[in-house]
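Subject: Structure handover

Hi,

Here is the structure I promised to pass on. Please open it first, then read my notes below.

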Amino acid sequence: PPVIRREDYAPFPWLLPRVTFDFSLGLEKTRISSRLEVVRNPDAPASPVLDLHGDGLMPLEVKVDGEVINSWVMAGDNLRISLPGEAHLVEVVTEIDPSANSQLMGLYASNGMLCTQCEAEGFRRITFFPDRPDVLSTYTVRMRGDKAQFPVLLANGNCVASGENQDGSHWAEWHDPWPKPSYLFALVAGDLVSRKDRFTTMNGRDVDLAIWVREGDLDRTGHAMESLKKAMKWDEETFGREYDLDLFNVVAVSDFNMGAMENKGLNIFNTKYVLAEADTATDGDYEAIEGVIGHEYFHNWSGNRITCRDWFQLSLKEGFTVLRDQLFSQDMGSEPVKRIEDVRVLRSIQFPEDSGPLAHPIRPDSYREISNFYTATVYNKGAEVIRMMRTMAGEERFRKGTDLYFARHDGEAATCEDFVKAIEDGTGLDLRQFRLWYSQAGTPKIIVRQEQDGDTVRLRLTQKVPTTPGQPDKQPMPVPLRIALFDPATEEHRGEELIVLRDTEQSFDFPGYDEAPIISINRGFSAPVSIERDIAREDLVFLAAKDDDPFARYEAMQDLVVSHLVEALRGELSAEDRTKGRAAILQAFTAVLEDSALDDLMRGELMILPSQTYLAEQLDISDPQAIHREREGLKTWLAQQCEALLEALHDRAAGGPYRRDAAARGLRKMRAQTLIYLAAGAPEKAAKMAAAQYHAADNMTDRQSALIALAGLDVPEREEVLQAFYKRYQGNALAIDKWFAIQAQSLHPRALDHVKALADHPDFTLKNPNRVRSLYMAFAANPQAFHAADGEGYRMIADCILALDPINPQTAARFVPPLGRWRRTEPERAALMRAELERIAAAPQLSRDTFEQVSRSLG
Ligand code: DPP
Ligand code: ZN
């Protein structure tokens with residue numbers, strides 16, 4: 001497969017101002033007739049031909065200006081038509097089989113309904129079209145189908161006409177007045193019901209809202225609808241963005257590759273991010289739904305009204321929209337807890353990506369398959385990069401920048417450069433050096449040294465941007481760091497400051513400190529960097545207990561644990577150090593458990609130990625099982641030291657009817673954490689507590705946390721509760737996904753055998769991405785079983801990739817990165833991981849998706 005390069009961008013030689021599609025719908029056979037109004041693009045070199053992308057299509061008929069032509073040719077998968085004049089009408093007929101579309105890209109069948117997923121390049125699997133984000137057209141879509149089979153017919157925009165035919169079929173015509181690229185096209189036909197509501201915009205326009213689901217799921221749509229209305233209001237208040245159609249539809253589909261899709265006026269969602277009620281959804285699910293509903297809605301401006309010039313600019317819409325959804329969730333819930341959660345995701349997923357073979361800048365320079373670049377780097381690091389601009393500008397000035405961006409580029413296909421320029425012009429910041437964040441990959445490491453010179457504190461900062469594939473030399477980048485200097489005597493600081501490190505080495509002086517202060521740095525995680533510093537244990541204990549920035553408090557706690565575990569793993573910990581280190585951690589941990597001023601959501605958060613992957617990141621080469629042993633060892637020890645306290649917390653959290661306010665959620669979160677600790681430190685007691693919790697629970701959060709604790713234990717209650725869960729939720733796909741995932745990720749010594757057995761379970765299928773992920777993604781994240789010393793875990797993931805690749809390459813390729821970590825893994829396992837990658841690479845007929853990921857991982 002060819003490599004596509006950002007620098008090769010050229011505008012399309014034709015414009016397609018108006019396009020019309022006629023769909024004659026059938027699960028096995030859908031016929032599509034297109035009418036494309038084509039005119040020469042004055043801003044591009046003239047071309048004698050019109051090349052239309054296709055993927056697996058053959059034209060049944062091609063007309064130019066009303067006449068059937070036979071002079072068309074296939075150029076690979078694409079349709080090439082000679083066009084002599086300035087403007088033409090091009091009409092093409094294609095036919096596809098949605099029921100055979102297991103890739104779930106383009107138009108496909110799911111549970112008897114038809115739906116689409118076109119981002120990034122799925123539209124070309126429906127009809128021939130310039131399937132690139134910089135070709136914007138106004139769409140009219142007519143569809144016709146059997147009324148009994150497809151009672152509901154939806155597309156983008158507004159329904160302008162509909163009617164019935166004599167033969168039992170019916171039809172609808174939809175028109176979307178806003179020009180859009182093909183990746184935002186959507187169509188849904190099926191037997192669906194909807195929850196309806198209404199939103200009045202800031203200018204008093206009424207918008208009809210509808211969430212479409214299968215019969216029976218309607219009761220579980222209330223939270224999604226509330227989230228949608230909150231998101232619409234929030235975007236008006238926070239970014240001044242108003243919705244621009246009379247209708248906003250959301251459809252939930254159970255077979256879906258991604259989380260959700262922002263198609264104009266017709267968002268299509270994975271059911272996972274729509275359906276929720278106490279009995280089936282955890283608190284985490286509720287939050288995720290609010291976040292994703294917000295995310296897709298916010299795309300209406302950051303993505304749809306202003307779209308991307310080419311796919312290298314993906315972070316233009318995704319980074320910005322992730323930031324917008326993060327800020328939304330912060331405002332709807334607990335700001336510090338949300339920030340901590342976002343940083344945890346960044347560190348455990350994006351940091352490893354940035355330090356591995358798949359590292360790429362948030363604006364990549366090349367790809368073979370764009371689906372592989374819907375990554376934590378483009379999304380989450382992309383959001384961090386924009387957040388840094390916001391931090392440097394301040395909220396108000398940042399808003400001026402985004403206002404200017406929306407005003408300047410509305411209706412355009414823009415670039416990341418356009419965005420930065422607008423922020424620069426709108427805020428007055430000088431972002432020349434800052435642009436390096438868009439072009440350089442790798443997580444910068446900041447080394448902090450603190451010196452005392454008379455009454456002046458000097459911070460000597462050094463930055464190192466690591467080498468990444470294709471980028472051996474790096475330039476220093478601006479790193480905005482929020483810092484505070486605590487006076488050890490008064491335990492207070494004199495106000496937070498923002499310093500911006502710009503050079504490879506730079507010093508910052510703070511006069512007026514007779515005694516060396518305790519420094520809190522990168523507060524709120526103001527820059528997506530890793531910090532390395534020599535700081536006394538007591539100082540971390542102090543910050544963990546006293547820092548007024550909740551994030552910094554969390555960070556100090558994490559540092560305390562990370563530095564201890566890393567020293568242990570490096571074999572640098574003497575028996576005495578181990579005792580001292582553990583004592584310091586225990587002191588901080590106990591403070592967290594006992595601090596009555598702390599809310600329980602935050603307490604639950606502070607109790608979580610740093611993830612296995614984040615710990616691995618701190619070491620050049622690591623032994624996953626050694627990390628697991630050390631981490632579990634600490635957890636077990638803490639639990640034993642605090643057994644009574646943990647039990648008391650669990651008891652305090654018990655009982656009371658289900659509510660969804662922050663206090664109740666905090667109790668459930670803490671309850672889950674206490675069980676995790678007790679399962680390690682007092683397994684028999686934990687098993688009894690968990691089983692009791694399971695049976696008394698009136699909500700999924702408590703049931704799930706009980707099951708997670710039990711799944712890892714070799715106790716009789718385990719099987720009993722697993723079966724009870726299965727019986728209770730049989731037939732509820734999302735709940736059964738949890739049942740698979742919990743077992744696959746469990747710390748049970750025979751987890752690997754469990755996964756093997758689950759792969760043969762009648763409820764398992766490779767055809768449903770949620771189910772595949774629930775078994776195998778969970779397994780690939782299992783810190784113990786995946787890394788079995790004989791390589792069996794690696795073999796299972798490789799087998800999964802090979803079996804899934806012909807069915808759904810996009811999802812198959814997502815399983816490659818766990819194996820791609822071989823270079824950073826101890827040599828024996830590295831050889832086993834590499835061997836599996838080579839086995840995949842040797843398979844005939846590998847998809848472009850998997851080929852690219854595997855070859856980069858081996859490269
Ligand atoms: N554009 C989609 C999103 O919201 C991709 N699935 O992230
Ligand atoms: Zn998005």
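UniProt, in an unreviewed entry, places the feature "domain: Peptidase M1 alanyl aminopeptidase Ig-like fold" at residues 442-533. Over that span the chain is 52% strand and 0% helix. Its end C-alpha atoms are 19 Å apart. Keep in mind that this is a predicted model.

Residues 96-184 are 49% strand and 0% helix, with end C-alpha atoms 20 Å apart. The annotation "domain: Peptidase M1 membrane alanine aminopeptidase" (unreviewed entry) covers residues 224-434. Here the chain is 55% helix and 9% strand. The end C-alpha atoms of residues 224-434 are 37 Å apart.

Domains

The domain assignment gives domain 1 (1-191), domain 2 (307-439), domain 3 (445-527), domain 4 (534-641), domain 5 (642-718) and domain 6 (730-859). I looked at the pair formed by domain 2 and domain 3. Their C-alpha centres lie 24 Å apart. Domain 2 brings 12 residues to the contact, and domain 3 brings 14 residues. On the domain 2 side, helix H4 (335-354), helix H5 (376-393) and helix H8 (436-439) each supply at least two residues. H5 gives the most to that side, with 3 residues. By type, the domain 2 side that touches domain 3 has 8 nonpolar, 3 polar and 1 charged.

Ligand 1

Which residues are around ligand 1? They are Glu119, Met258, Ala260, Met261, Glu262, His295, Glu296 and Glu318. Strand E21 (260-261) and helix H2 (283-298) each supply at least two residues of this shell. The shell divides into 4 charged, 3 nonpolar and 1 polar.

Core

The largest nonpolar core has 244 residues. Val188 and Val251 have the most contacts inside it. Helix H10 (residues 550-569) provides the largest share of this core, 10 residues. Leaving out residues up to four places away in sequence, Val188 touches Met113, Leu114, Cys115, Leu154, Val251, Leu266 and Ile268.

Helix H22

Take a look at helix H22 (residues 769-780). It is largely enclosed by the rest of the structure, because 12 of its 12 residues are buried. Arg771, Arg773 and Asn770 are among the buried residues, as are Leu775, Tyr776 and Phe779. What do the buried residues of H22 pack against? Their partners are strand E22 (266-270), helix H20 (733-744), helix H21 (751-759), helix H23 (792-804), helix H24 (809-813) and helix H25 (816-819).

Arg856

Last item: Arg856, which lies in helix H27 (residues 848-858). Is Arg856 buried or partly exposed? It counts as partly exposed, because it has 19 C-beta neighbours inside 10 Å, while buried takes 20 or more. Not counting residues up to four places away in sequence, Arg856 touches Pro357 and Leu358. Arg856 and Pro357 are 499 residues apart along the chain, yet their C-alpha atoms are separated by 6.2 Å.

Best wishes

Definitions and conventions:
Residues are numbered from 1 along each chain as its sequence is written. Chains are lettered from A and ligands numbered from 1 in the order in which they are written. This is a predicted model: local features need pLDDT of at least 70, side-chain atom pairs count only at pLDDT 80 or more; totals for chains, interfaces and linings use all residues. Domain bounds come from an automatic or database domain assignment. Two residues are in contact if their C-beta atoms, placed from the backbone, lie within 7 Å. Helices (H or I, at least four residues) and strands (E, at least two) are DSSP runs, numbered from the N terminus. Ala, Val, Leu, Ile, Met, Phe, Trp, Tyr, Cys and Pro count as nonpolar, Asp, Glu, Lys and Arg as charged, and the others, Gly among them, as polar. UniProt positions are given in the numbering used here, feature names are shortened, and annotations may be inferred rather than shown by experiment. A residue is near a molecule or strand if its C-beta atom, placed from the backbone, lies within 6 Å of it. A nonpolar core is a set of buried Ala, Val, Leu, Ile, Met, Phe, Trp, Tyr and Cys residues joined through C-beta atoms within 7 Å.
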